[in-house]
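Please take a moment with the sequence and the structure shown below, and then follow the explanation one part at a time.

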Amino acid sequence: MKAEIITNEGNKIQILLKDAKTSEVNALRRTILSDVPKMAISRVRFEMGLIEDNGESYESINVLPDEVIAHRLAMLPIPTYYDRFCFPEEDPANEGLPEDQWGSPASQIIYHCSVRGPSKDSEEEFIVVRAGDLNVLGEVDLQIPEQYKGIPLTTVIRGQYLEFYAYAVIGRGSEHAKFIPASGVAFYQREVARLMTKGKKSKVLFDLDLTTEDGRAIDAKLFGKDGVIDDIDMVEEIRRALAHVSRGTNRDTDFGDAIVLEKVAGEFVFTYETDGALRPEEVFNRACEELSARFVRISDELDTALA
Amino acid sequence: MIIPIRCFSCGKVIADLWDTFQNKVAEGQDQGVVMDELGLDRYCCRRMFISHIDLIHEVAPFSTSLE
């Protein structure tokens, strides 16, 4: 299998896979969803009780229950560095300890958050607690990514405070969805658009004035001399335009198969976007490593069993 | 109540886009155009925004102290 990046903008990626089978590409898709590890908050310790500050008292109550806040924290993208953190169950510092006592800098990141509601003198009625209010206890690069700092977690009103410690660990998507590093993981077989007839039927189609998103007319000129379009984005534009006049619209009988989308054997367009915890290419490379390690394991087990 | 952090179906992080979406719609921009600009391409993510009603600020005053 050969992989070629078509587009890689921000957290989104589009990869062209060649010499591949559907089952192989689907294995990659499933590996990304279930086996590529990622950091996520898995434990939260809320500070409870009444506190006094500057003559004002604050109570640890909130419009959202603690469980809901904990769940929202779990959904936050946490920066993931494979070379700096290990799985909690593989951390030597956790060896022999019960699970509720696990936790060392090698396998967990700690975030602290402390927000108080507006004071009596303030005109504000509430304060929105955001992901940016979480402060990492450790390296600054483990802070919540800048683009996600505005995520609202909850709201505190006058007389309320929210304080907690959140503990992030590395895990796999097969354990919990919060550990899934990418969304919209999908693929389709690559297609090329071919102009089949240059006679009346194609004229009927071109007279429908179909255009691409940027306003280019879909006509014989677009197909060039050889009558084939193989640019992935352009084929997608033609597919979308044809959807307006194809089967089910009662117009397709007039132009028949004037333009045909032909599937290219062994070539797939693979797309997904990460949540910012990992770069898209890191996710792909890790998925390949995980998959290959699994096959090595299976063949080793087979060798042992058949020996 | 409060905008979910991720899309229920695909898992894309969406909560960071909510304020921008609200502000632009309040300015009179078309919801569909704003969602296109924000990169909400899939209809699962789009329904998260279209169907959401932010009620947390209305409910918050009732979460008063036990005193």
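In this predicted model, chain A and chain B bury about 2100 Å² between them, and 59% of that area lies on carbon and sulfur atoms. Of the area that chain A buries against chain B, 22% is supplied by Val63(A), Arg72(A) and Met75(A), which is more than any other three residues supply. Counted by residues in contact, the interface involves 30 residues of chain A and 26 residues of chain B.

Charged side chains also take part, for there are 5 salt bridges between chain A and chain B, while the count over all chains comes to 25. One salt bridge is formed by Arg130(A) with Asp19(B), where the closest N and O atoms are 3.1 Å apart. This pair crosses between the chains, running from strand β7 (residues 126-130) of chain A, which holds Arg130(A), to helix α1 (residues 18-26) of chain B, which holds Asp19(B). Arg130(A) has a relative accessible area of 24% and is therefore partly exposed, and Asp19(B), at 27% relative accessibility, also counts as partly exposed.

A further salt bridge links Lys12(B) with Glu273(A), with the closest N and O atoms 2.8 Å apart. Because Lys12(B) lies in the segment before α1 of chain B and Glu273(A) lies in strand β13 of chain A, this pair joins two chains. Here both partners, Lys12(B) and Glu273(A), are buried.

Five strands form an open sheet in the order β1-β2-β13-β11-β12 (chain A), with antiparallel pairing. The edge strands are β1 and β12 (228-229) of chain A, each of which pairs on one side only. Within the sheet, β2(A) and β13(A) pair in the antiparallel sense over 6 bridges, and Leu16(A) stands opposite Val269(A) in β13(A).

Where in this arrangement does Glu267(A) lie, and is Glu267(A) buried or exposed? Glu267(A) is found in strand β13 of chain A, and because its relative accessibility is 15%, Glu267(A) counts as buried. Leaving aside neighbours within four places in sequence, the residues in contact with Glu267(A) are Leu16(A), Leu17(A), Lys18(A), Tyr188(A), Gln189(A) and Arg190(A).

Helix α1(A) lies across β2, β11 (182-195) and β13 of chain A, and runs at about 155 degrees to β11(A). Helix α5 (residues 232-243) of chain A lies across β1, β2, β11, β12 and β13 of chain A, running at about 85 degrees to β11(A). Within helix α5 of chain A, Arg240(A) and Glu236(A) are 4 residues apart, about one turn of the helix, and they form a salt bridge whose closest N and O atoms are 3.5 Å apart. Arg240(A) counts as partly exposed, at 43% relative accessibility.

The last element to consider is helix α7 (residues 280-306) of chain A, whose 27 residues reach 39 Å from the first C-alpha to the last, close to the 39 Å expected at 1.5 Å a residue. Its buried residues are Pro280(A), Val283(A), Phe284(A), Arg286(A), Ala287(A), Glu290(A) and Leu291(A). What covers these buried residues of α7(A) includes β1 (2-9), β2 (12-18), α1 (22-34) and β13 (259-274) of chain A.

Definitions and conventions: Residues are numbered from 1 along each chain as its sequence is written. Chains are lettered from A and ligands numbered from 1 in the order in which they are written. This is a predicted model: local features need pLDDT of at least 70, side-chain atom pairs count only at pLDDT 80 or more; totals for chains, interfaces and linings use all residues. Side-chain values use heavy atoms; hydrogens and water are left out. The expected span of a helix is 1.5 Å times one less than its number of residues. Buried means under 20% relative accessible area, exposed over 50%, partly exposed in between (1.4 Å probe, protein chains only). Contact means heavy atoms within 4.5 Å. Two strands pair if DSSP finds at least two bridges between them. Axes are lines fitted to C-alpha atoms, for helices over the stretch in contact, and angles run from 0 to 180 degrees between N-to-C directions. Buried area is the accessible area (1.4 Å probe) that two parts lose on being put together, summed over both. A salt bridge is a side-chain nitrogen of Lys or Arg within 4 Å of a carboxyl oxygen of Asp or Glu.
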